[in-house]
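The following exercises are set for a reader new to this structure. Each task is followed by a solution in steps.

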Amino acid sequence: MTRIILTRHGQTVWNTEGRVQGSLDSPLTEKGILQARSLALRLKDEKINYIYSSDSPRAVNTAEEIRRELGLEKIFLSPALREFSFGEWEGYIWQELRESYPDIFKQWDSVPHLVTTPGGENMDLVLKRAWDFLQQIIQTHRGETVCLVTHGITLKLLVTKALGFEVHEWAQTPWQHNTALNIIEIDGDKWTPCILGDCKHLDALEG
């Protein structure tokens, strides 16, 4: 049986500002670093063999907290795990974009899988690159436990697909908050979700 642990990076400066990140980046906040450390402690007994991460610094820095706590030698980076690219929108405030592009956001709120952002990607493109990479991981690490650190939309799309839903059904799966934890066991063609979108490790930080 192969175990796949999927998670999202910790809180960033742009997360707190309501700003679009996508393929751009902003640093983890102090809270984001603490979130990553709390996640790392939670994962300490999961017997993780390898860590893969998006090559975006916010994901790498989150993965580094996990790597250090687990005592693993290195993190393997892949652009396939990057966030949905929002193209020309990146760096701007979400609310301001909503006011500037009402027609696109009307579609984004109802049928987001049909939206290709200006100069950016769409959900089908993001899911294909991330899902193809996940399949490679499963083939390479049969019988092992692998942790993948990625981003909110990319992560939600992967979980949606893993649960047997189509892209247009992505609302059926939980939103992936910062450092949300998902654990899926794979035995042949059988995919069993053990934990989905869980943030219990953050309770002490929120209290």
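**Exercise 1.** How many of the residues of helix α7 (residues 152–162) are buried?

*Solution.* The model is predicted: local features need pLDDT of at least 70, side-chain atom pairs count only at pLDDT 80 or more, and totals for chains, interfaces and linings use all residues. Residues are numbered from 1 along each chain as its sequence is written, and side-chain values use heavy atoms, without hydrogens and water.

Step 1. Buried means under 20% relative accessible area, with a 1.4 Å probe and protein chains only. Helices are DSSP runs of H or I with at least four residues, strands are runs of E with at least two, and both are numbered from the N terminus.

Step 2. In α7, 10 of its 11 residues are buried; among them are Ile 153, Leu 155 and Val 159.

Step 3. The cover over these buried residues includes β1 (2–8), α6 (123–140) and β4.

Step 4. After α7 comes Gly 164, with a positive phi near 90 degrees.

**Exercise 2.** Determine whether Thr 145 is buried or exposed, and identify its side-chain partner.

*Solution.* Step 1. Thr 145 belongs to strand β4 (residues 145–150).

Step 2. Thr 145 counts as buried because its relative accessibility is 7%.

Step 3. The side chains of Thr 145 and Arg 3 are joined by a polar contact of 3.3 Å, that is, a pair of N or O atoms within 3.5 Å, one able to donate a hydrogen and the other to accept it; residues adjacent in sequence count only if both atoms are side-chain atoms.

Notes: Buried < 20%, exposed > 50% of the residue type's maximum accessible area, 1.4 Å probe, protein only. Contact = heavy atoms within 4.5 Å.
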